[in-house]
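Subject: A structure for you to explore

Hi,

Here is the structure I promised to pass on to you. Please open it alongside this email and follow along as you read.

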Amino acid sequence: MAQLRQEVDPGEVGLDAKALDRLDRHFADAVDEGRLPGYLVAVARGGRVAHLTTHGLRDVAAGLPVEPDTLWRIYSMTKPVTAVAALMLMEEGRLSLDDPLARHLPVFADARVYDSGSGPDVRTRPAAGPILLRHLMTHTAGLTFGFYHTHPVDALYRAAGLESSVPPGKDLAQTMDVYASLPLQFDPGTQWNYSVASNVLGRVIEVVSGQPLDAFLAERIFRPLGMPDAGFHVTGEQAGRLAELYGEADGGGIKPIPGLPLHGRPRFLSGSGGMVASAYDMHRFMELLRRRGELDGVRLLAPGTVDLMTSNHLPGGADLRTVGSRPAHDEPGNEGVGFGLGVSVVIDPSRTQEPSGLGTYGWSGVATTTFWVDPGRDLTVQFMTQVRPKSSHTVFRDLKRLVHEAVTG
């Protein structure tokens with residue numbers, strides 16, 4: 001069974017073992033205080049794992065510990081995988097970043113943009129230009145999520161059954177009709193709004209490749225890279241390794257909550273947030289990106305394509321704080337951070353809220369999972385747990401601070 005293992009002592013690769021102990025104690029305290037059920041953290045330099053810690057439980061009621069081969073719902077960490085799949089098709093000449101979305105999904109041909117009003121009184125106008133595939137990959141298409149509560153279009157999504165971005169009972173193809181029936185928040189390419197765009201991109205991959213999204217990812221990414229547990233559901237053999245999902249309880253602490261329906265192939269294959277993976281799987285994926293498209297003799301992308309993916313593509317070179325369409329984007333944590341093709345990118349470390357190297361890229365999931373690659377320090381980091389917070393928390397900020405305190409060489 002493939003599972004992540006520590007490969008080198010921290011000191012051999014310029015990491016301070018005492019600082020890494022502080023990191024472990026910090027998150028062990030969160031487990032002991034009932035704020036996390038358990039966690040896995042892995043830090044690698046030059047591709048070699050120099051720190052790997054598991055602590056706490058993957059299933060509190062059953063008393064099952066977090067182990068290196070535990071499986072995690074990675075939610076939005078699915079998005080960079082979907083982006084890599086699209087970029088592979090682009091290298092094959094089957095897609096282009098500047099393809100109009102309607103070329104592949106004609107239902108989006110007559111996109112309209114919100115103008116004024118709310119509810120049944122919403123008024124729209126024709127979009128100033130078409131949605132391009134690059135807009136999907138950068139979340140600048142004008143799409144949104146139904147669980148936001150800051151714009152009249154968010155409410156239209158909820159009214160259409162898109163509270164969780166997925167209409168009940170519909171598959172990926174059928175969901176495109178629902179998305180396309182709703183107005184955009186803004187003209188494509190003008191602002192950034194985190195959205196259902198990666199689901200749309202997943203459907204484009206299906207149409208262009210002629211394969212279901214899960215089959216394409218398995219055949220073209222997971223098997224070639226040796227990611228044995230990555231996918232959209234768990235088998236009976238894998239099920240016992242899947243961590244339970246928790247949410248923050250009203251009175252403090254955590255409680256079990258429903259998660260992705262992973263026991264059996266889902267009807268809706270979400271390129272936005274549908275994947276499950278192990279830490280080993282994610283290490284392999286991070287290594288593909290760190291090595292600029294190649295791993296163990298298998299090349300999925302050209303180096304220049306990975307460079308393109310991990311460069312800032314926001315309008316005018318802006319960061320997420322200044323180009324966001326919603327008040328919630330105007331957060332200090334978004335300052336100095338741009339967005340590439342499926343990943344965030346640090347464009348000004350002096351303005352970020354936590355220590356970050358220039359060009360560091362990665363993404364996180366709603367259940368408090370995260371990964372990043374820091375090319376300047378040749379550093380890769382992942383953190384896995386399964387807690388959906390009710391509000392913002394400091395886990396990611398603390399993790400970045402503690403990891404960077406450990407980098408000595």
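Let's start with charged pairs: the count comes to 23 salt bridges, where a salt bridge is a side-chain nitrogen of Lys or Arg within 4 Å of a carboxyl oxygen of Asp or Glu. Side chains of opposite charge can pair when their charged atoms come close.

Before going further, please note that this is a predicted model, in which local features need pLDDT of at least 70 and side-chain atom pairs count only at pLDDT 80 or more, while totals for chains, interfaces and linings use all residues. Residues are numbered from 1 along each chain as its sequence is written, and side-chain values use heavy atoms, with hydrogens and water left out.

Some salt bridges to look at

- E33 pairs with R35, and their closest N and O atoms are 2.6 Å apart. E33 counts as exposed because its relative accessibility is 54%, while R35, at 46%, is partly exposed.
- E92 pairs with R94, with 3.0 Å between the closest N and O atoms. Both ends are partly exposed: E92 has 37% relative accessibility and R94 has 34%.
- R290 pairs with D378, with the closest N and O atoms 2.8 Å apart. R290 lies in helix α9 and D378 in the loop between β15 (369–374) and β16, so this pair ties together parts that are 88 residues apart in sequence. R290 counts as buried at 19%, whereas D378 is partly exposed at 32%.

There is also a network: salt bridges that share partners join D319, R321, E335, D348 and R351.

Helix α9

Helices (H or I, at least four residues) and strands (E, at least two) are DSSP runs, numbered from the N terminus. How far apart are the end C-alpha atoms of α9? They are 16 Å apart, which agrees with the 16 Å that its 12 residues (279–290) should span at 1.5 Å a residue; the expected span is 1.5 Å times one less than the number of residues. Of those 12 residues, 11 are buried, including M282, F285 and L289. Just after α9, R292 takes a positive phi of about 60 degrees.

Is β1 (residues 38–45) largely enclosed or open? Eight of its eight residues are buried, so the strand is largely enclosed by the rest of the structure. In a regular strand the side chains alternate between the two faces of the sheet. Here G38, L40, A42 and A44 point one way, and Y39, V41, V43 and R45 point the other way.

Two strands pair if DSSP finds at least two bridges between them. Eight bridges join β1 to the antiparallel strand β2 (residues 48–59), where Y39 has H55 as its bridge partner. These two strands form a hairpin with two residues between them, and G46 in the turn has a positive phi of about 60 degrees. Six bridges join β1 to β16 (residues 379–384), also antiparallel, and there L40 is partnered with M384.

Finally, find Q238 in the loop between α8 (213–225) and β7 (246–248). Q238 counts as buried because its relative accessible area is 10%. Leaving aside neighbours within four places in sequence, Q238 is in contact (heavy atoms within 4.5 Å) with L71, P228, D229 and H233.

Happy exploring!

Key
Buried < 20%, exposed > 50% of the residue type's maximum accessible area, 1.4 Å probe, protein only.
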